[in-house]
Each structure stands twice: as C-alpha cells, then as structure tokens.
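Open the model in a viewer and keep the sequence panel beside it. The stops below are meant to be selected in order.

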Amino acid sequence: MGKFIYFPSFSAGEYGDKLKKDFKFKNGFSCRFYSDDFPEKYRHNQVLITAGAHFKTDDYRNKLGLTADNLVMGDSGGYQIASGAMKWDIKHRDRIFKWLEENTDVAMNLDIPPRLKYQGKYKECLDISIDNFKYFDKHQNGSTKFMNVVQGDDEVTYQNWYNEVKDFEFSGWGIGGAGGSLYRFMSGVLALLNGKEHLKPNNEYFHILGTSKIRDFLMLIQLQKSLEDVGSNVTVTTDSSSPDRAVVFGTFYTNFTIKNATFQSINFPNKKHNGNIINDFSVLPNKSWPRLHDFDDVLADFVGWDDVVKWDPDCTIGMRLHNFYVFKDAINQITDYVYGHDYILEQVVEKDIYKVLRSIDEMVKSDDPKRVFETYKPLYAKLSNMKKQTMAREVEFWS
C-alpha cells in the first residue's frame with residue numbers, strides 16, 4: 001500500500017564501517033539488512049549512501065555488497081559542505097559526479113544548502129548550485145537518475161530557487177532544508193506543486209532530505225497518497241540516520257506515539273556514566289535486553305546484556321538494527337492510518353496535524369496551491385520554530 005520509500009542513511013560512522021567490512025554477529029548473522037543473507041521478512045532493499053563521506057572510495061557500492069536488487073540513492077554531499085565537515089572546492093565536483101554515476105541508481109544534484117556555515121549566503125549558494133546543476137545536466141549518461149534540488153527558508157526563497165533551476169532535465173526533485181521545520185517543508189512542496197512538477201512524466205521522485213520525525217512521516221505519506229489520487233507518477237522518499245545516530249548517545253527506542261508524534265526511548269547503561277551498576281547487568285536472570293519488537297527475538301539468539309556491559313559491536317550494531325525496525329513499524333502504522341478512513345485518522349493524530357494533512361491534500365488537488373498555502377500559512381507558522389527570515393529580504397534586493 002503506497003509507494004513511499006524510507007532510505008536509511010547508515011553509510012557513515014561505525015555502522016558504515018561495519019557494512020563495508022561485512023560485519024557478522026557472533027553467531028554469523030549479517031548486519032547487512034539489505035542483502036540476500038538477511039531474513040527475507042526483515043530485508044530492506046533501499047539504502048542511501050553519501051558522496052560527502054565516501055566520494056574518494058572507488059567501487060563503494062560493491063564494497064557494501066549492494067547489488068542490482070537494491071535501490072541505491074546517492075546524497076551528493078551538500079549537507080557536509082554546509083556543516084563544514086567538507087570544504088567546497090570545485091575540484092571535487094567531477095569526482096563526486098562520477099562517484100554518483102558509478103555507485104547509485106538515483107542521486108541528488110550537488111547543491112550548496114544556504115544554511116549552517118552558509119546561512120545568509122543565499123545568492124552565493126544558488127549561483128554555485130546552478131553551475132553544478134549545469135555540469136550534471138550536461139554530463140549525465142543515464143546510468144543514474146539525477147534529481148534537481150530546491151532550497152530556501154520560506155515560500156519566497158523556495159519559489160525563487162525553483163524558478164532559477166526548473167528548466168534542467170532531471171528525473172525528479174529533492175527538497176532541502178525541510179527537516180525540523182514544517183514551514184520550510186510546506187514551502188518546498190508548494191514550489192513544486194505550483195510548477196506542476198508532480199504531473200510531469202519525467203519526474204519519478206520527490207525526495208525530502210533528512211526528515212525522520214513521526215510528524216514528518218505523516219506529512220510525507222499523506223503527500224504520497226494525495227499524489228496517487230491525482231494520478232501522479234511520483235514516488236515520495238526521504239532519508240535519515242536517526243536510528244543509527246541515536247546509538248551514539250546510548251539511545252534505545254522503546255515505542256512511538258502517533259498522537260504525540262514522538263519516538264519514545266531509554267538510555268542503555270555504559271561503564272563511563274554507570275560504572276557503579278554496570279556489572280549488575282551481567283548477572284540478570286534474563287540475559288537478553290527488552291524484547292519490544294519481533295526483531296528482538298532474532299537478536300536474542302546472539303546479543304544481550306553481556307554485550308551492553310562490554311559495549312561491543314554486537315551491542316551497538318544490534319541496537320541500531322532494533323531502532324531501525326521500530327522506525328519501520330512507525331512508517332507501516334502511519335501508512336495504514338493515512339490510507340484508511342479519515343474518521344479514524346482524525347482521532348489518531350493531533351488536531352493541528354490533522355489540519356496540516358488535509359492542507360497537503362488540498363494543495364495537491366488544487367488548481368491554485370498557493371492560495372491553499374496562504375489559507376493555512378498561520379497554522380504552518382504556529383507549528384514551526386520561525387526564526388527571523390533573512391533570506392526573503394536578501395532575495396528582494398537582487399531578484
């Protein structure tokens with residue numbers, strides 16, 4: 001039901017290292033959740049890999065054991081550039097482009113997000129991005145389906161960016177900057193709907209970069225359903241590293257609530273912070289950690305409190321897999337509600353979020369999505385952390 005795809009972004013850090021090395025748990029169970037070695041019931045064939053961390057590694061797809069059965073999305077490294085983890089240098093562009101073509105099926109263009117270290121540099125980011133998009137457009141050979149990217153901070157800047165890049169020939173769109181801001185999310189979606197991008201036959205994907213909250217999944221899956229209702233060919237996708245990164249802080253997901261739109265979690269003990277009690281866990285009668293998901297029954301055969309005490313890879317990779325499957329459960333449950341009857345959906349979600357979902361449906365099905373956006377704009381602002389909108393003023397001076 002529904003075409004929405006979640007791409008786990010686990011290729012950086014410890015999990016990425018273990019995927020590359022084909023790490024096996026102590027009983028030989030593979031950590032590669034996308035491989036034929038993984039139980040079919042739990043296999044997840046879609047993966048995101050990032051050029052920002054790996055563009056200097058040749059044959060990366062094969063090193064991770066990814067095959068033609070996997071749908072591999074490539075991130076171009078724009079976030080790493082914006083965060084300062086990677087310094088922008090045009091000499092990297094060709095190598096990133098070739099890496100994406102050699103290792104991925106679908107990929108983002110190399111955009112420079114106008115935020116973090118580039119906050120307040122909207123025009124500079126747009127100019128560099130346009131130059132990169134021209135390069136990708138000219139050199140693409142069809143082996144990878146590249147996506148255009150739109151960035152901004154509000155409806156004005158997203159629309160302006162869209163107007164500047166809309167004529168390139170790509171296979172879909174990425175919306176950057178939407179993670180953590182409902183207002184930016186809706187502004188990016190507005191720019192694409194206003195341009196009728198969802199009805200163009202060449203567009204196969206709308207990828208909203210780096211979104212992973214319950215509220216985000218509700219909005220993304222509603223967008224997918226509404227697009228299907230109007231006969232759009234577009235598949236809505238997103239990515240995140242949240243189930244992976246949570247383990248860095250010792251976080252173990254226990255549940256989620258759709259009404260409150262939150263994941264619930266506990267902190268596992270570690271020697272540094274819980275040295276006075278850590279050894280107690282080695283002598284617990286129940287050697288396995290809490291079985292909160294049916295996948296924990298699989299993990300119970302080879303990972304437990306002894307591994308937590310040692311904080312070994314069996315523990316940390318097992319936690320990451322556990323968190324990932326809690327994520328998947330949330331997505332599946334949300335999909336059932338969104339594709340079900342509104343009478344049930346309205347009771348399941350918070351009142352204002354239900355209004356947002358209805359607004360998405362109205363925008364997709366309206367001949368004037370901007371009018372719908374304006375109607376709901378106060379609601380979007382209310383549900384967002386609205387910072388001072390500097391970009392909109394900057395655009396006024398040069399657009």
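Predicted model: local features only at pLDDT ≥ 70, side-chain atom pairs only at ≥ 80, totals over all residues.

Residues are numbered from 1 along each chain as its sequence is written, and side-chain values use heavy atoms, with hydrogens and water left out.

**Aromatic pairs**

Rings of Phe, Tyr and Trp (its six-membered ring) pair if their centres lie within 6.5 Å; planes under 30 degrees apart count as stacked, over 60 as edge-to-face and the rest as tilted. By this rule there are 44 aromatic pairs. Select Tyr15 and Phe33: their ring centres are 6.3 Å apart and the planes stand at 65°, so this pair is edge-to-face. Tyr15 belongs to helix α1 (residues 13–20), and Phe33, 18 residues apart from Tyr15, to the loop between α1 and β2 (46–50). Helices (H or I, at least four residues) and strands (E, at least two) are DSSP runs, numbered from the N terminus. Tyr15 and Phe33 are both buried, where buried means under 20% relative accessible area, exposed over 50% and partly exposed in between (1.4 Å probe, protein chains only).

Next select Phe97 and Phe146, a stacked pair with 5.5 Å centre to centre and 15° between the planes. Phe97 is in helix α5 (residues 93–103) and Phe146 in strand β5 (residues 145–150), so the pair ties together parts that are 49 residues apart in sequence. Both Phe97 and Phe146 are buried.

**Nonpolar core**

A nonpolar core is a set of buried Ala, Val, Leu, Ile, Met, Phe, Trp, Tyr and Cys residues joined through side-chain atoms within 4.5 Å. The largest one holds 129 residues, and those touching the most other members are Phe33, Met186, Phe217, Leu218, Trp289, Phe295 and Tyr380. Helix α14 (residues 313–338) contributes the most to this core, twelve residues.

Centre on Trp289, whose contacts (heavy atoms within 4.5 Å) beyond four places in sequence include Phe252, Phe268, Trp305 and Met319.

**Largest pocket**

A pocket is found on a 1 Å grid over the protein atoms alone, as an open set of points where a 1.4 Å probe fits, with protein on both sides within 12 Å along at least five of seven lines; lining residues have an atom within 4 Å of a point. Select Tyr79, Gln80, Gly210, Asp239 and Ser241, which lie nearest the centre of the largest pocket among its 39 lining residues. Which element gives the largest share of this lining? Helix α4 does, with five residues.

**Single residues**

Go to Arg358 in helix α16 (residues 351–365). Arg358 is buried, at 17% relative accessible area. Apart from neighbours within four places in sequence, Arg358 contacts Gln222, Asp342 and Leu345.

Val298 is in helix α12 (residues 294–299) and, beyond four places in sequence, touches Phe29 and Tyr42.

Finish with two loop residues. Asp59, between α2 (51–54) and α3 (60–63), has phi near 55°, a positive value in a residue other than glycine. Asp59 is partly exposed, at 41% relative accessibility. Lys196, in the loop between α8 (182–194) and β7 (205–208), also has a positive phi, near 55°. Lys196 is partly exposed, with a relative accessible area of 32%.
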